[in-house]
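Please read the following report with the sequence and the model side by side. It starts from a single residue and then widens to the whole chain.

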Amino acid sequence: MMSFKSISSSSQVATYYESLATEDYYELGGEPSGYWLGQLQSTLYLNGELSLGELGKMLQGYHPISGEALASNAGESHKSGWDMTFSAPKSVSTAWALADAETKTAIQNAQKKAVEAGVRFLEKYAFSNRDREEMSGSINQVIAAAYEHSTSRSQDPQLHTHVLVANLGLRADGSVCAIDFDSRWKLATGAVYRAELAYELQKLGFNIEPEMNKSFSINGIPKNLCDAFSKRRTAILEQAEIHGVTSAQGMQIATFATRENKTGEISRSQLFAQWQSEAMQLGYQSNLVQQCQNFLSTEHSLLTPMEIFGELHQQMSTFTPQQLYHAVAVAAQGHKNFEGINQYVDEILKNSELVRLQSINPRLDRGLDQTELRFTTRTQIALEKHLLDQAKQRQHETQHQIVFDPLLIKHANLTREQRVALEHITTQFGGVKIIQGMAGTGKGYLLGVAHLAWENVGLDVRGATLAAKAAQGLQESTQIPSQTLHSLIHQLNTKKTELTNKTVLVIDEAGMVGSRQLAQILDYADQVKAKVVLIGDSQQLQPIDAGGAFRLLAQNLGYASLQNIQRQKELVDRKIVMQLASGQSQQALDLMRKQGKLHVQPIQEETIRKLVEDWWQTKLEQPSASTLMLAGTRSDLYQLNQAARLKMHKSGQLGASCEVETIHNNVHSFREFAVGDRILFYKNQRRLGITNGDVGILKKIQINQDGHWQFQVEREDSKIVEFSLTDDENIKSAYTAIDHAYALSVHKAQGMTVDQAFVLTSNLMVDREWSYVAASRARHRTHFYCTVENEQQLEQKMGRSKQKDTSLDYAVSPDAQYQIEL
């Protein structure tokens with residue numbers, strides 16, 4: 001993988017890397033000396049290894065050898081650049097650790113070539129000067145220092161290379177300038193690096209296997225051996241046990257307590273001997289790596305251009321050059337090197353299926369003298385055009401127009417905008433009708449009234465949603481019989497059910513439905529002239545699948561709007577929700593600060609501690625109030641849940657416990673659960689009565705006759721479910737997709753309503769849609785928590801939309817338009 005971070009202190013970074021660099025690192029410890037990379041090295045007359053003091057000069061904007069100031073602000077105040085880390089997959093590090101000397105050197109050379117390929121790719125695409133727009137342009141030559149490192153902090157094998165790219169570039173006229181790094185190229189760069197590494201490893205006789213995480217592994221290197229060489233987690237747990245802590249705070253203390261400085265006291269020769277000994281203790285022979293070099297090659301054909309387009313269209317209707325390169329480079333692992341990837345991309349760019357788009361509202365990309373470039377395919381354009389045209393053609397249908405029973409309207413007690421929306425979907429003509437409603441505006445209550453009105457005139461009302469939990473909620477709030485879209489489409493495909501011209505199909509949370517799935521259901525409805533009512537909010541979390549079809553239809557067909565928020569009881573809370581929804585992040589944050597709802601702490605550990613303490617105090621002071629902690633990443637959720645469990649344990653609310661293995665999306669984890677714990681279910685299992693997103697309280701733990709842990713959980717609806725913690729498919733009660741539910745992801749919480757919410761922000765997951773959903777879950781108070789560092793970025797991140805587009809949101813370039821017409 002490839003990761004990067006800005007260099008904050010040039011002197012500290014230089015001291016760290018130079019202190020590790022040792023001439024005789026194999027016997028004396030330390031790491032190899034750094035070496036120069038980048039096309040700018042020849043211009044600066046640099047070559048080979050770095051000498052002491054040169055790294056610091058480069059990062060401060062001076063010539064590394066002469067000391068001449070290259071940057072106009074050379075010195076400590078000069079922005080240094082970026083530390084980019086290229087890390088080999090764990091199986092590669094493991095093979096390197098256990099190989100003979102000749103193969104070790106060959107693997108290191110493969111790593112070096114792969115890093116060089118990554119840097120060449122970055123130079124070609126990812127850098128630009130920081131001049132004003134009319135003077136801006138790409139920078140294709142940089143200077144960087146590369147340092148190969150061999151271990152993790154716990155001295156496990158982890159072959160990786162730090163590439164320190166200086167904030168220096170040359171304009172076309174030869175003058176020096178500061179540069180910008182376009183981080184959109186990060187994933188593609190990592191994939192190019194891995195493809196080159198895989199290509200070089202194949203030359204050594206290794207067989208490459210693709211992995212689910214878009215990386216690769218060496219065939220024959222056992223996973224449990226790779227896990228054994230990942231002792232960092234074990235050390236943290238041991239330290240936590242010594243101090244008797246299980247909370248997120250305690251675990252974080254243990255994390256820092258086990259963090260070792262890479263002093264280089266252990267030589268590579270000692271480490272290699274130690275790693276070989278550990279492998280042999282686990283039962284692996286010394287010739288394991290040599291055997292892997294003789295594995296028969298597994299046939300994996302390179303994806304065709306059409307298959308690559310299909311992969312891209314799984315999650316996006318249009319894609320950028322960065323995303324295209326990433327997809328091609330991932331597919332190329334085990335097939336092509338860097339040069340081969342470039343050639344394949346050139347071939348794909350000429351493919352007649354690919355369509356180049358241009359923005360209808362052109363804007364300049366940051367630092368690049370070109371308008372935004374996106375691609376799609378003729379197939380995707382045809383799909384989304386058909387979806388839109390078909391819906392437009394149904395706008396004059398009258399067979400589902402109804403007349404209200406006056407008593408129904410009288411007793412419904414609807415607001416004015418709810419009544420307008422109700423009339424829009426019932427009394428007005430049109431076979432596809434849309435309600436666009438903000439979170440908490442009473443969409444469910446309105447649909448309940450519409451359900452009665454439709455049934456009163458003999459129409460068959462059915463509901464469908466993307467998620468089973470949402471279908472359950474739709475049915476409970478409206479009494480409309482509901483199911484998932486997936487199951488409905490399956491039943492329609494297999495003719496186990498049918499729609500008729502008397503059917504009204506209500507699709508709730510339609511903003512989360514991708515173009516392909518929505519097109520399928522609209523096709524079935526059109527065939528029999530069933531009415532379709534789409535309910536959603538395009539400003540909330542976006543579809544996982546490709547396309548923002550709901551927004552496209554709403555913009556072109558018109559819709560009834562629900563803006564009067566009823567969920568939040570206080571005007572100021574409603575105002576914050578509306579500001580976040582519309583991207584007014586600065587105003588929302590100012591209001592949060594004024595209301596004391598934005599809590600800022602120096603570091604993440606203190607932020608988590610503050611959030612959990614506030615959550616706990618609320619539970620103590622208001623025991624009848626429903627509360628929920630929200631976060632964006634698995635790591636944050638884990639820490640919040642563990643901290644919450646510590647509070648529960650100390651207060652005596654947790655009973656007998658056990659540690660079990662949980663499995664979700666092929667991710668295996670070990671979790672402790674105790675009687676009294678709040679449990680989240682991650683996967684639908686109809687025979688057990690479990691729905692993805694269900695929450696309950698663990699009531700009983702026992703070992704069943706098969707020797708597996710048996711859990712009894714009381715769901716929020718008071719129903720009891722029982723299951724065995726095993727992935728054995730022969731056991732009917734098998735179920736492993738669980739976790740703690742004191743803290744949930746914002747995605748899981750969409751559709752939920754609680755009294756108070758406590759939201760942990762992060763650098764990774766915050767955007768306009770995420771913030772809006774997080775802020776709109778609570779009736780009374782929502783508190784946001786962040787670090788000082790994160791606060792500085794919150795305004796930008798909360799205002800940035802990740803709303804999904806469609807291929808019809810852009811103009812087709814003239815050449816591509818001509819091809820489509822042909």
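In which strand does Val754 lie? Val754 belongs to strand β30, where helices (H or I, at least four residues) and strands (E, at least two) are DSSP runs, numbered from the N terminus. This is a predicted model, in which local features need pLDDT of at least 70 and side-chain atom pairs count only at pLDDT 80 or more, while totals for chains, interfaces and linings use all residues. Residues are numbered from 1 along each chain as its sequence is written, and side-chain values use heavy atoms, with hydrogens and water left out.

**Around Val754**

Val754 has a relative accessible area of 9% and is therefore buried, a word that here means under 20% relative accessible area, with exposed meaning over 50% and partly exposed the range in between (1.4 Å probe, protein chains only). If residues up to four places away in sequence are not counted, Val754 touches Ser626, Leu628, Arg777, Ala778 and Arg779, a contact being heavy atoms within 4.5 Å. Val754 and Ile434, by comparison, are 320 residues apart in sequence, and their C-alpha atoms are 27 Å apart in space.

**Confidence and domains**

How confident is the predictor, in terms of the average pLDDT of the chain? The chain averages a pLDDT of 88, and 91% of the residues score at least 70, where pLDDT is the predictor's confidence in each residue, from 0 to 100. Over residues 232-264, however, the pLDDT is below 50, and this stretch has 54 contacts in the model beyond near neighbours in sequence. Residues 362-370 also stay under 50 in pLDDT, and for them the model has 22 contacts beyond four places in sequence.

The domain assignment gives domain 1 (2-221 + 261-293), domain 2 (395-562) and domain 3 (584-799), with bounds that come from an automatic or database domain assignment. The C-alpha centres of domain 1 and domain 3 lie 38 Å apart.

**Salt bridges**

A search of the whole structure finds 30 salt bridges, each being a side-chain nitrogen of Lys or Arg within 4 Å of a carboxyl oxygen of Asp or Glu. The table sets out three of these pairs.

| Pair | Closest N to O distance |
|---|---|
| Asp614 and Lys610 | 3.4 Å |
| Arg645 and Asp677 | 2.8 Å |

Asp614 and Lys610 are 4 residues apart in helix α26 (residues 604-621), so about one helical turn separates them. Asp614 is buried, with a relative accessible area of 17%, whereas Lys610, at 29% relative accessibility, counts as partly exposed.

Arg645 forms its salt bridge with Asp677. Because Arg645 lies in helix α27 (residues 634-650) and Asp677 in the loop between β23 (667-674) and β24 (678-681), this pair ties together parts that are 32 residues apart in sequence. Both Arg645 and Asp677 are buried.

Arg779 is partly exposed at a relative accessible area of 29%, while Asp755 is buried at 14%. Salt bridges that share partners join Arg394, Glu397, Asp526 and Lys529 into one network.

**Cysteines**

How many disulfides are there? The count comes to 0 disulfides by the rule that a disulfide is a pair of cysteine sulfur atoms within 2.5 Å. Cys658 counts as buried at 5% relative accessibility, and Cys786 is buried with a relative accessible area of 0%.

**Aromatic pairs**

The count of aromatic pairs comes to 26, where rings of Phe, Tyr and Trp (its six-membered ring) pair if their centres lie within 6.5 Å, and planes under 30 degrees apart count as stacked, over 60 as edge-to-face and the rest as tilted. The rings of Trp96 and Phe272 have their centres 5.2 Å apart and their planes at 80 degrees, so this pair is edge-to-face. The pair links distant parts of the chain, as Trp96 is in helix α5 (residues 90-98) and Phe272 in helix α11 (residues 268-281), 176 residues apart. Both Trp96 and Phe272 are buried.

Trp96 also pairs with Trp275, and because their ring centres are 6.1 Å apart with planes at 55 degrees, this pair is tilted. Trp275 lies in helix α11, 179 residues from Trp96, and Trp275 counts as buried at 0% relative accessibility. Elsewhere, ring pairs link Phe121, Tyr125, Trp185, Tyr325 and Phe338 into a cluster.
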